[in-house]
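Please open the model in your viewer and keep the selection tool at hand, as this tour goes from one stop to the next and says what to select at each.

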Amino acid sequence: MNYPVWYLPEIGGSTLIALIAIVHVFVSHFAVGGGLYLVLAERKGVREQNPDILAFTRAHSKFFLLVTMVVGGMTGVAIWFIISLVQPAGTSLLIHNFVFGWATEWVFFLVEIVALFIYFYTFDRMARRTHLVIGWIYFIAAWFSLFLINGIIGFMLTPGQWLVDGDFWSGFFNPSFWPALIFRTFVALLMAGLYAYVTCAWQKNQELKFTMTRFSGKWVLVALAGAVPSGFWYLSKLPQPARTLVDGASPTIARALDWGLYAVLAILLLSLVFTVIMPALHNRVIAFVVLACGLLFMGAFEWTREAARRPYVVNEVMYSNGIFKDEVDDINRQGLLGSARWVRIREFHEESLLEIGQDLFKHQCHACHTIGGFNNDIVARTANFSYPALLTYLETIHQRRYFMPPFVGTADEMRALATWIVTGLHGKPAEAAGPSVAGVGDGAGAQLFADNCIFCHDTGLIKARTGGWSPDRVRSALDKLSALNPAMPDYAGTAAEKDLLAAFLVSLHAVGSTVPVAEGAGETVFETHCAMCHSLVEGYNPLLPKVSGWSRERVRAALDMLEKLQPAMPPMVASGEEKDALAEFLYKKNQGGQP
């Protein structure tokens with residue numbers, strides 16, 4: 001509200017934050033756990049009086065210094081840069097509430113830098129006992145950096161008593177502080193072992209390679225053994241809305257957790273087989289595969305932690321778009337145009353709906369949505385919406401999808417945003433609700449479907465998913481949607497509305513039933529899905545001669561198996577109604593008529 005928006009419609013600032021943060025966290029945890037690895041590896045070499053192990057430790061300390069000081073340092077600065085541009089309000093909140101915490105962390109970071117440089121450059125030049133003390137100083141300083149940062153970022157997810165008293169210590173020692181600290185400590189140790197695999201793989205002395213590979217493998221397995229129970233402890237401390245998202249209500253979190261689980265299993269199996277049981281088989285390929293699994297695991301964890309806060313930057317305090325929760329009522333009365341400092345139009349004008357709508361998108365939606373990008377593309381996610389349906393959705397967006405912030409502003413501003421999305425992005429008319437909904441049909445059941453279901457499902461998908469269902473099963477499912485799929489909110493309609501909606505869904509399977517499509521829809525579908533590779537009659541790769549003489553039914557059936565007809569063609573990703581419209585269009589064109 002008080003800051004300009006860094007507008008990156010195709011990429012999105014949140015994507016840049018994720019890319020930089022995941023790399024930094026992957027390296028910074030190595031910077032913590034790797035300090036302890038160096039000290040214990042050196043101590044192992046001293047106790048066994050093994051100069052080869054000491055030489056290994058020295059070589060690994062150089063690798064450690066370059067990765068943590070160069071990559072870690074650069075990505076650390078990059079994080080501050082990117083969050084200040086993308087989330088300036090949230091960054092300001094963290095700085096103002098924890099300024100002395102940050103200052104203390106920077107002191108420990110300075111100690112880390114000095115200690116690490118002394119450790120590396122005095123290897124074999126300093127009394128061994130003193131040199132180990134320097135290593136311990138580095139590790140302790142690095143762990144206290146983790147201690148301090150853990151308290152601040154944990155506050156963002158579980159502010160706890162701070163919401164009541166606003167006290168520094170209440171926010172810092174928040175409900176998730178201790179489980180998160182222990183979990184992150186074990187993860188840091190895990191990363192230390194994974195990075196050590198790389199140094200081990202480059203050793204030419206086979207005996208040394210076997211010894212340190214097995215040492216590193218056992219290190220990783222012990223770290224995993226500690227990370228798993230502490231991870232579940234951490235999970236138990238999440239507030240209920242976040243826990244619900246993690247348990248399956250958020251499809252993106254579910255996918256991230258799946259990938260994280262695969263990564264952990266791969267780390268476990270590869271470490272057990274190639275570093276502990278058969279270290280002779282360990283090589284550079286294995287080292288980098290396991291390291292990549294570590295990056296995947298870290299990315300899944302950080303993605304889940306960040307996504308679990310949604311719709312907030314700071315839970316129950318500030319929404320992801322930078323609007324404070326306690327300001328919502330005031331902004332709803334005054335309007336966002338009158339409250340935000342960085343908008344082009346300060347007062348609502350009917351003739352400026354598109355400009356106002358775009359500014360509203362920037363201030364309320366762009367924090368999470370791109371335009372045509374790969375992360376939460378607003379164009380793809382609103383493709384099924386009519387103007388009335390989108391207005392209905394915006395009115396209750398937070399209730400329907402908890403992880404999305406509520407729309408903040410006046411009813412006129414809401415109209416402007418809906419107009420910009422429907423007309424500005426999709427080129428559809430912004431028409432008031434009528435007796436029927438385009439692409440769905442007439443009747444009360446069709447209207448209920450448009451008001452409640454079409455945001456995520458078109459009729460083609462519903463028809464496919466409920467094929468073979470009895471009317472009783474369809475009706476029963478409407479009473480327990482979240483049980484069928486945790487990502488679906490329960491339908492809040494009355495019993496009579498559920499009966500009407502169930503009847504409409506069942507009617508989709510009636511023999512010969514079709515869902516009306518807009519006139520000219522087939523040509524639009526052709527332009528969207530086919531025109532990139534085909535012309536109709538003349539020009540490059542004409543399509544009509546290929547289907548000459550085909551019946552309408554044969555054309556329609558072919559659209560469901562394009563990749564089987566021609567392996568070079570991808571499957572057609574479109575609704576059943578769009579395929580029906582395209583089949584009709586091509587059939588009539590071949591007959592010489594107009595669709």
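The structure holds 22 salt bridges, a salt bridge being a side-chain nitrogen of Lys or Arg within 4 Å of a carboxyl oxygen of Asp or Glu. Side chains of opposite charge can pair when their charged atoms come close. Before you select anything, note that this is a predicted model, in which local features need pLDDT of at least 70 and side-chain atom pairs count only at pLDDT 80 or more, while totals for chains, interfaces and linings use all residues. Residues are numbered from 1 along each chain as its sequence is written, and side-chain values use heavy atoms, with hydrogens and water left out.

Select Asp-124 and Arg-128 to begin with, and you will find a salt bridge whose closest N and O atoms are 2.9 Å apart. Asp-124 has a relative accessible area of 47% and is therefore partly exposed, a class that lies between buried (under 20% relative accessible area) and exposed (over 50%), as computed with a 1.4 Å probe on protein chains only. Arg-128 also counts as partly exposed, at 23% relative accessibility.

Go on to helix H9, residues 240-249, where Arg-243 and Asp-247 lie four residues apart, about one turn of the helix; helices here are DSSP runs of H or I with at least four residues, numbered from the N terminus. The side chains of Arg-243 and Asp-247 meet in a salt bridge, at 3.3 Å from N to O. Arg-243 is partly exposed at 28% relative accessible area, and Asp-247 is partly exposed at 48%.

Now select Glu-350 together with Arg-415, which form a salt bridge with their closest N and O atoms 3.0 Å apart. Glu-350 lies in the loop between helix H13 (336-339) and helix H14 (353-364), whereas Arg-415 lies in helix H18 (residues 411-425), so the pair ties together parts that are 65 residues apart in sequence.

For a network of salt bridges, select Arg-184, Glu-302, Arg-305, Glu-306 and Arg-309, which are linked in this way.

Finally, select helix H1, residues 13-47, whose 35 residues should span 51 Å at 1.5 Å a residue, which agrees with the 51 Å between its end C-alpha atoms; the expected span is 1.5 Å times one less than the number of residues. H1 has a kink of about 35°, centred on Gly-33, where the bend is the angle between axes fitted to the seven residues ending there and the seven starting there. Just after H1, select Gln-49, which takes a positive phi of about 50°.

Note on methods
Helix = DSSP H or I, 4+ residues; strand = E, 2+ residues; numbered from the N terminus.
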